Amino acid sequence: MRRPTAFAAGLLLLATALGTAGGPVAADPTDPVTVTVNTRAGLATVPATALGVNHAIWDAQLGSAETSDLLKTAGVKMLRYPGGSYADIYHWETHTAPGGYVAPNTDFDTFMAGARRVGAEPMIIANYGTGTPAEAAAWVRYANVTKGYGAKWWTVGNENYGNGHYGSAWEADDHPDKSASQYARLVVEYADAMKAVDPSIKVGAVLTMPGNWPDGITAGSDPGPWNQTVLSIAGPKIDFVDVHWYPGGSAADSLARTNHLPDAAWLLRQQIARYAGSGADRIGISFTELNVDAGRTTAPGALFLADAYSGLLEQGVFTVQWWNVHNGIGTVSEVAGQTDYGDFGLLSSGNCTSDGEVCQPAFNTPFAPYHALSMMNLFARPGDQLVRAGTDEPLVAAHAVRRPDGSVAVLLLNKDPDTAHPVALDYAGFTPADEAPTVHTFTNGATGISTARSGDATARTLPPYSLTTLVLRPAGSSAGRPGAPGRPAASAVTDRAATISWPAATPGAAPIAKYEVHRQHGAVSEQLGETAGTSLTVGNLEPGARYTVNVLARDTAGRVSWSSPPLTFATGSPAESSCAVRFDADNDWGNGYVANVEVINTGAKAVDGWTLTWTWPTGWQQVSSGWSAGWDQQGRDVRVTPTADNRRLAAGGGSTTVGFVGAYSGPNVPPGAFRLNGTVCTLR
């Protein structure tokens, strides 16, 4: 959480830097960017709690009608309280936060009245740092028994890994033991005490974003890094995990780092599945703080909000929440011709710099990210199914949804601050009506979203630093089509095959003839097979690879259903091979680590001379240096060759161990397949 200065907080009561704007070099702007929208490649369904923001007890207008109505207009459906790190010093019964500023008219009942006016569910942070399980349970009792608020979502603490356990301390924590293990043990106590009052509530624990500090770091006597430790101990007691993300860097950096989200979500779910115990698939994921370092109140902040919210919702996150509503003026700069006030808030605080040289616009004036949140409300509505969309230009991003009435909405983002980009749109599994679509546009410096019907469904020019949403009706009726198959599951997964099964679809106007299993390959679908039944074994898969598949139903009249929810799984390594590899990553420091790679000849013949190869799953992983072998990386491909001392591996278990220093600048996904002299090895 980013705290306001005391000066900013005081002015909130009275009021009732960009590095470089550039980035990757764009293609020739005269060549249209190809945008592919694939409605056969279904992603997550938009939940009712998708669009959220943070409220904070230093904001005297937290529950005001004007602020609440602005949030309602933007489509906010979840509000977090009492405000980031303040939660770990806040005592709800006395409405005090020793060491912090508490504005008038910000108590819990005032917050709930505002939330009800907005039409948003509350997410409440129980005080872990200076509170107790009994205090949290009393809050649940007051909220849901005494007042009948029906507050469902409760998180234990905020950024508690920032209590000094890993060296940096900003989060209050009065416990003598500040370890991840102690946090997890107390989460169990909090959950037990709170659910004893109201068993229907959902309790969440704080985790860290994969690929961001302190992910991967083990401290003290903990059995592993923060996420592993917390999930191993508290996993059986929690209902969701709570994650924050501030990508940092220049505007170009933060806008590019949204491509980390699929891998971060994958790693997070892998951690949950591995460490949280049986039934771990019930555990949801919330992202309750996001913002940028550069361009916070201007176009970069708006573009990041729309791209990050869309990307996280595609991955099945149940709420995404901006930090925050009102925060106060920060470092003032100019971004793409607009004044950026360095303010984390969606809405102006109406205050000035300490020297009085620069003042924000009038209180509650919406900043650019507010308009981006409003655009999200126009683009992705509860019940819509997000579907795959992609482009061939890094400075142009695309997201899409398919709506229950059969229409499709496409969100297009031009991250180029200087150049307009024409785009050519292609649709798979959808034929747009021959009419002008409804077009919502937000451009750099605009004070609101413009809406009109214009152009056609296949071509558009995107202004620099802009958001555009197209809403397209289908060419024909979708009446009579079969229902979508249920969520698939994978079993009997090997290195080369998997069995996919799914709940049957409901027939429409005609009987179901068959089911088709499609793999998502970027924004393109590749059919893996079809069957009249509800399971299919697919083969010819790549070892150590990640697959996302959907199932579609086709009836005897040729009508095709919506796609099923997605299934993502990873193939393994061969159960038997003439080689084996043991990959151990150790001593992780947050953006690098030391790894040892044991190469084992399990074959019947000695190996005299060898080459070990693998491919990193992402473009931000690399070998920085290595020893006991020759090391070379080209792109994402790594090649390891022996020295004179270890070139010979004896038959039946001869081995050698080599090592390297690895570096990463995003989620550190381990390699899934290793090849020795071209043979895929068993991964031990």
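This is a predicted model: local features need pLDDT of at least 70, side-chain atom pairs count only at pLDDT 80 or more; totals for chains, interfaces and linings use all residues.
Residues are numbered from 1 along each chain as its sequence is written, and side-chain values use heavy atoms, with hydrogens and water left out.

Let's start with helix packing. Two packed helices are described by the angle between their axes and the distance between the axes. Axes here are lines fitted to C-alpha atoms, for helices over the stretch in contact, with angles running from 0 to 180 degrees between N-to-C directions. Helices (H or I, at least four residues) and strands (E, at least two) are DSSP runs, numbered from the N terminus.

Take α5 (residues 180-197) and α6 (residues 226-234): their axes come within 8 Å and cross at roughly 30°. That makes α5 roughly parallel to α6, a label used for angles under 35 degrees. The crossing is right-handed, meaning that the near helix is turned clockwise from the far one by less than a right angle. On the α5 side, the residues in contact (heavy atoms within 4.5 Å) include Ala180, Tyr183 and Val187, and among their counterparts in α6 are Trp226, Val230 and Ile233. This contact is made up of nine nonpolar residues, two polar and one charged. Ala, Val, Leu, Ile, Met, Phe, Trp, Tyr, Cys and Pro count as nonpolar, Asp, Glu, Lys and Arg as charged, and the others, Gly among them, as polar.

Now go to α9 (residues 299-314) and α10 (residues 368-379), which pack at about 35° with their axes 7 Å apart. This crossing is right-handed too. Leu305, Tyr309 and Leu313 are among the α9 residues that make the contact, and α10 brings in residues including Leu373, Met376 and Phe379. The tally for α9 with α10 is twelve nonpolar, two polar and no charged.

Back to those charged pairs. A salt bridge is a side-chain nitrogen of Lys or Arg within 4 Å of a carboxyl oxygen of Asp or Glu, and by this rule there are 19 salt bridges. One of them joins Arg473 and Glu435 at 2.7 Å, N to O. Arg473 lies in the loop between β19 (466-472) and β20 (489-491) and Glu435 in the loop between β15 (421-428) and β16 (438-442), so the pair ties together parts that are 38 residues apart in sequence. Arg473 counts as exposed at 52% relative accessibility, whereas Glu435 is partly exposed at 25%. Buried means under 20% relative accessible area, exposed over 50%, and partly exposed in between (1.4 Å probe, protein chains only).

Arg675 is partly exposed at 26%, and Glu542 is partly exposed at 40%. Elsewhere, salt bridges that share partners join Arg80, Asp242 and Glu289 into one network.

Finally, have a look at Thr288 in strand β8 (residues 284-290). Thr288 is buried, with a relative accessible area of 0%. Not counting residues up to four places away in sequence, Thr288 touches Asn54, Arg80, Met123, Asp242, Val243, His244 and Gln321.

Technical notes:
Angles under 35 degrees count as roughly parallel, over 145 as roughly antiparallel, 65 to 115 as roughly perpendicular and the rest as oblique.
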